[in-house]
Amino acid sequence: MRLLLLLSAFLITSCSLQTSPLLSQNINSFENQEYQLTGNENPLKVRVTAVLLQRADGSGNYSKSRPNEFGIFQTYWQNALNNFQDLKKPSDLEGCYDGLDFWPKAMLVFEDKIIEVKNTYAWNHRNTGSIYEKNILKGFSPNERWYMKSVDDSLTLAEKDQPSIHVYFTNDGDTYDEYMRTNGANQIKNHGIAAGQFPTPSNLKRSSQIHYPGVYPKYFYMKNRAPQEFGKSWDKEIKDWYLIGDPKGLTHELGHNFGLGHANKYHGANKCKWTIMSQKHSDPRNYLQPTEIQKMHSNLSKTNMMQFVTEDSHYGTTQVLNKDQTWTELRRYYNDFVLQNGLRLRIANKIIMPTNAKITLNPGARIIFEEGGEIVYLDGTEFNGYELKADAKIIR
Ligand SMILES: [Zn+2]
C-alpha cells in the first residue's frame, strides 16, 4: 500500500477539470445523421505527432541522438496510443455503467510521428505563466492564445493537408537542471500539469493540442533514484510503472481531445475507477464504456477532429437508409450508404466521404442536392463512388 501511495504521489499529472460542450449524447437514428457504432467497425486511423521540445542547444528532453533513451520514449508513446485498442472488461461495473455491452477496442489506431523542436522558450512551461510554488496555475491548458501558439501554427503550416494532433512534451525550466543533477530529489514539484484540448464543432480547421510536461525528468528519476527509494529494480519492476502505468495519463489526455470528460451520463468525475478518464493514477484506467467510444467517433464525424483522420479511413460497414431524410449538418462519414428503393435523400450541407466509399441508390431512389449541398472527398474534389440502380437519379 505504501508503494502504491508513493507511486501515485509522484505520478501526479492530473489535468484540470473541464466540462465539454459535447458531453450530451443523444442516441439518434440515422435521420439525425448520427452513425451508431456496433463495436465491430474497422478502426479509424488518426494522425498524431509527439513534439519533443528541447532547448536551443538540443538539451532538456529525450533526443534521437541518444538512441537507448529514445527507445524508452518510443515505447512510452506507443503504449499510450495502443491503450485505445486494448481495453479491459471490468470485473464489476457498479457505479460506472449500466449497459451489458463491452467493446475491447475503441476502433482508433494512429499514424504517428515523433519530432524534435529546438525552442528554449517553448521547452520551458514556466512561460505559461504558472507559478507552481504558489499554486498559481494558468496558461498550461492548450488553446488558441497560449504560449505555444506560434510553434503550433508553424507545425500546422508545415503539415499542409495532413494535419495531426500535436502533443507537446515540455519541461520546467526553473527546476530542470537541479532536478536532473539530483536525479529527481525534488521530483513532486517538477511535473506541471497535463491538459488536452476539447474539440470544437464550429472551427473545423482549429488545431488539437495536448500539453504533457515532465516525461523525460520522470524517466530520469525512475531509472536513477526510484530503485533505491523503493528497493525495486528498474528492469524488473519500475520500468513497467513508467512504461505501462504512466502512459495512461497520455491516453487520458487524448480522450479529452476526442471529446471525453471526467464524468458522463453514467458516473461523476472519478467515480468509475476503470475508465481511462479517471484522474486517479492508482486506478486501473483501462476501460471505456461503449457510449464513450461512440462519443469519440461522433466527434470524429462532426468536429475539428475530423481533419486528423486519414482520407481512406473506412469502418468497412454499410449504413442502409430506410426513410426519406434531409441532411443539414456538415459531416464526415466513414462508411458506405445504401438508399432504399424510391427514397429521397436531400443534401443541404457538405458531406465528406472516404476515398474508397460507395453510395448505392436502389431503384427509383433520388439524391437531391439543395442549396449548399455537396458530397466530396476530404480534399474537396467531388465524390464519384455512386452506384445507380434502375431509375435512380442524382438531382443537382
Ligand atoms: Zn482529465
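Lys232 is partly exposed, with a relative accessible area of 26%; buried means under 20% relative accessible area, exposed over 50%, and partly exposed in between, for a 1.4 Å probe and protein chains only. Glu237 falls in the partly exposed class as well, at 29%. Their side chains meet in a salt bridge with an N to O distance of 3.7 Å, where a salt bridge is a side-chain nitrogen of Lys or Arg within 4 Å of a carboxyl oxygen of Asp or Glu. Salt bridges that share partners also join Arg126, Glu133, Asp172 and Asp174 into one network.

The model is predicted: local features need pLDDT of at least 70, side-chain atom pairs count only at pLDDT 80 or more, and totals for chains, interfaces and linings use all residues. Residues are numbered from 1 along each chain as its sequence is written, and side-chain values use heavy atoms, with hydrogens and water left out.

The structure holds 17 salt bridges. One of them pairs Asp177 with Arg55, the closest N and O atoms being 3.0 Å apart. This pair links distant parts of the chain, 122 residues apart: Asp177 sits in helix H5 (residues 176–181), and Arg55 in the loop between strand S1 (44–54) and helix H2 (67–82). Helices (H or I, at least four residues) and strands (E, at least two) are DSSP runs, numbered from the N terminus. Asp177 is partly exposed at 45%, whereas Arg55 counts as buried at 17%.

Another salt bridge joins the side chains of Glu159 and Lys113, at 3.9 Å from N to O. Because Glu159 lies in helix H4 (residues 149–159) and Lys113 in strand S2 (residues 108–118), the pair ties together parts that are 46 residues apart in sequence. Glu159 is buried, with 11% relative accessibility, and Lys113 is partly exposed, with 40%.

The next topic is the aromatic rings. A search of the whole structure finds 32 aromatic pairs. Rings of Phe, Tyr and Trp (its six-membered ring) pair if their centres lie within 6.5 Å; planes under 30 degrees apart count as stacked, over 60 as edge-to-face and the rest as tilted. Trp146 and Tyr147 form an edge-to-face pair, with 5.4 Å between centres and 85 degrees between planes. Both of these residues, Trp146 and Tyr147, are buried. The ring centres of Trp234 and Tyr242 are 6.4 Å apart and their planes are at 45 degrees, so this pair is tilted. Trp234 and Tyr242 are buried too. Ring pairs link these two residues into a cluster whose members include Tyr62, Phe70, Trp77, Phe169 and Phe220.

On a 1 Å grid over the protein atoms alone, a cavity is a set of points where a 1.4 Å probe fits but cannot get out, and lining residues have an atom within 4 Å of a point.

Among the residues lining the largest cavity are Gln33, Tyr35, His297, Tyr315 and Tyr334. Helix H10 (290–302) and strand S8 (331–332) are the elements that give two or more residues to this lining, and H10 provides the largest share, 4 residues. The lining draws at least three residues from each of domain 1 (2–308) and domain 2 (318–395), with bounds from an automatic or database domain assignment.

Terms used:
1 Å grid on protein atoms, 1.4 Å probe; cavity = no way out; pocket = protein on both sides within 12 Å on 5 of 7 lines; lining within 4 Å.
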